[in-house]
Amino acid sequence: MTRPAIEVADIVRAQGRQFLQRFKATLSYQVLKAYRAVARCRTAALGGHKDKCVDCQYEAPISFNSCRSRCCPKCQAQERKRWLEAQQHDLVNTNYFHVVFTVPHELNPLALTTPRPFFDLLFEASSQTLLEVAADPKRLGAEIGFLSILHTWSSNLLSHYHIHCVVPAGGFSPDHRRWIHTSHPLFLLPIPVLRTVFRKKFLDGLRQLYGKNLLDCRGPAADFRDSARFEDLAANLGKKKWFVYTKPPFGGPAHVLRYLGRYTHRMAISNHRLLAFDGQRVSFLWRDYAHGNKQRLMTLDAVEFLRRFFLHVLPKGFVRIRHYGLLANRLRNRLLPLAHELLAADGHEQLPVPPATQGDLWHCPRCGKAMHVVERFTAAQLYLARFDSS
């Protein structure tokens, strides 16, 4: 992939001071930390290193170090690669479904002021909905497993809180003696049932958080201080049709990894979606899902663009990729081999696991062999070197 002409870091360095002047009083420590990381990424401020080819001894110029922040659009490629290689061991030889759970936008203020409890509740309500409905003998009647990924953004960078779930097409029978396949290759579980159960679980959990004073009702959520207004909102949302849907199933396990590569280890926007920046205004591509999924061009003031971008910094240490059911960490080592065994009995042999690839970030431009670090430099050393050369 070619290097993008414009990067989020360019916008941060050009308009970051104006952004801080306008919003610093309301920014959390984690947002300020992410801001500094993106601004300093691959600059002399983080130090640098020199690489040499292991074969032809070609030596590249000094490269500046990356920030490795999960909020940086440039710094997740290697981490994503390692994670995807680990997921290959968890794939079972069956089709996979993609289910999305979304909370109504009326609740966005609570997500902004109390992100950790709100996101934990979103994970809990969506995962328990899938597990409960799938286990119902009237539905699938199976013990399933799946992976959930939190996204907090829409294509235009505004807040849009939803969970993506990647679900194998089937699961264990209650006695763990056979694999129960979905009744139809294009059908996992009834959407109206998922929608109703998810809505109830989420609103019940939200009421519990409110009753325990675990929701921060300040700033944009100040209206929720009035318990009567909060209950009116919850009651109205209980009558509303929530947005839960299932996308068509993937073509197989190989397509799952391709999908996961797009959805994991990424921030709200990739640098490749940025088209223009004149120092004041930013233009980028986005998808208008409300009007036929059409691709459109949006132009924003740079400070507003940065405000939207940094809305999606997660709380410190928050885990945004989680496993449930037979894929849960405490069950995976015991139940995954059983899943492979039961599927093999139905003619679905276990998938071969490709050998792990080397974690080299880049290769020699002359011979194509791996490059490795031969010397490292601190920020102070780079500063002195630049001073001496001048």
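This is a predicted model: local features need pLDDT of at least 70, side-chain atom pairs count only at pLDDT 80 or more; totals for chains, interfaces and linings use all residues.
1. Residues are numbered from 1 along each chain as its sequence is written, and side-chain values use heavy atoms, with hydrogens and water left out.

2. Now the overall picture. The C-alpha atoms fill a box of roughly 75 × 55 × 40 Å, taken along the principal axes. Of the 390 residues, 49% count as buried; buried means under 20% relative accessible area, exposed over 50%, and partly exposed in between (1.4 Å probe, protein chains only). Contact means heavy atoms within 4.5 Å. Among contacts with a separation of 6 or more, 72% come from residues 24 or more positions apart.

3. On to the greasy parts. In soluble globular proteins, nonpolar side chains tend to be buried together. A nonpolar core here is a set of buried Ala, Val, Leu, Ile, Met, Phe, Trp, Tyr and Cys residues joined through side-chain atoms within 4.5 Å. The largest one has 50 residues, and the members that touch the most others are Leu107, Leu110, Phe118, Leu130, Phe198, Phe202 and Leu206. Strand S3 (96–102), H4, H5, strand S4 (145–153), S5, H6 and H7 each supply at least two residues of this core. Apart from it lies another core, of 39 residues, including Leu32, Cys67, Trp153 and Leu300.

4. Pick out Leu130 in your viewer. Which residues is Leu130 in contact with, leaving aside its neighbours within four places in sequence? They are Phe101, Ile144, Phe146, Cys165, Val167, Leu189 and Leu194.

5. Next, charged pairs. A salt bridge is a side-chain nitrogen of Lys or Arg within 4 Å of a carboxyl oxygen of Asp or Glu, and a search of the whole structure finds 17 of them. One of these joins Lys74 and Glu7, at 3.0 Å from N to O. Lys74 sits in the loop between strand S2 (63–64) and helix H3 (77–87), and Glu7 in the segment before helix H1 (8–23), so the pair ties together parts that are 67 residues apart in sequence. Lys74 counts as buried because its relative accessibility is 17%, and Glu7 is buried too, at 6%.

6. Another salt bridge brings Arg207 and Glu231 together, again with an N to O distance of 3.0 Å. This pair links distant parts of the chain: Arg207 is in helix H6 (residues 191–211) and Glu231 in helix H7 (residues 227–239), 24 residues apart. Are these two buried or partly exposed? Arg207 is partly exposed, with a relative accessible area of 30%, and Glu231 counts as partly exposed at 35%. Lys200, Asp204, Arg207 and Glu231 are linked in a network of salt bridges.

7. Arg308 deserves a paragraph of its own. Its salt bridge partner is Glu304, with the closest N and O atoms 2.8 Å apart. Both lie in helix H9 (residues 302–310), 4 residues apart, about one turn of the helix. Arg308 is buried at 11% relative accessible area, and Glu304 is buried at 19%. Not counting residues up to four places away in sequence, Arg308 touches Asn156, Leu157, Leu158, Met298 and Leu300. Val374 is 66 residues from Arg308 in sequence and 40 Å from Arg308 in space, C-alpha to C-alpha.

8. On a 1 Å grid over the protein atoms alone, a cavity is a set of points where a 1.4 Å probe fits but cannot get out, and a pocket is an open set with protein on both sides within 12 Å along at least five of seven lines; lining residues have an atom within 4 Å of a point. Grid points are joined across faces, edges and corners, and a volume is the space filled by probe spheres set on the points. The second largest pocket has a volume of about 730 Å³. Of its 24 lining residues, Thr26, Ser28, Val31, Leu112 and Leu311 are the closest to its centre.

9. As for cavities, the whole structure has 2 of 30 Å³ or more. The largest cavity has a volume of about 100 Å³, and its lining includes Tyr96, Val256 and His323.
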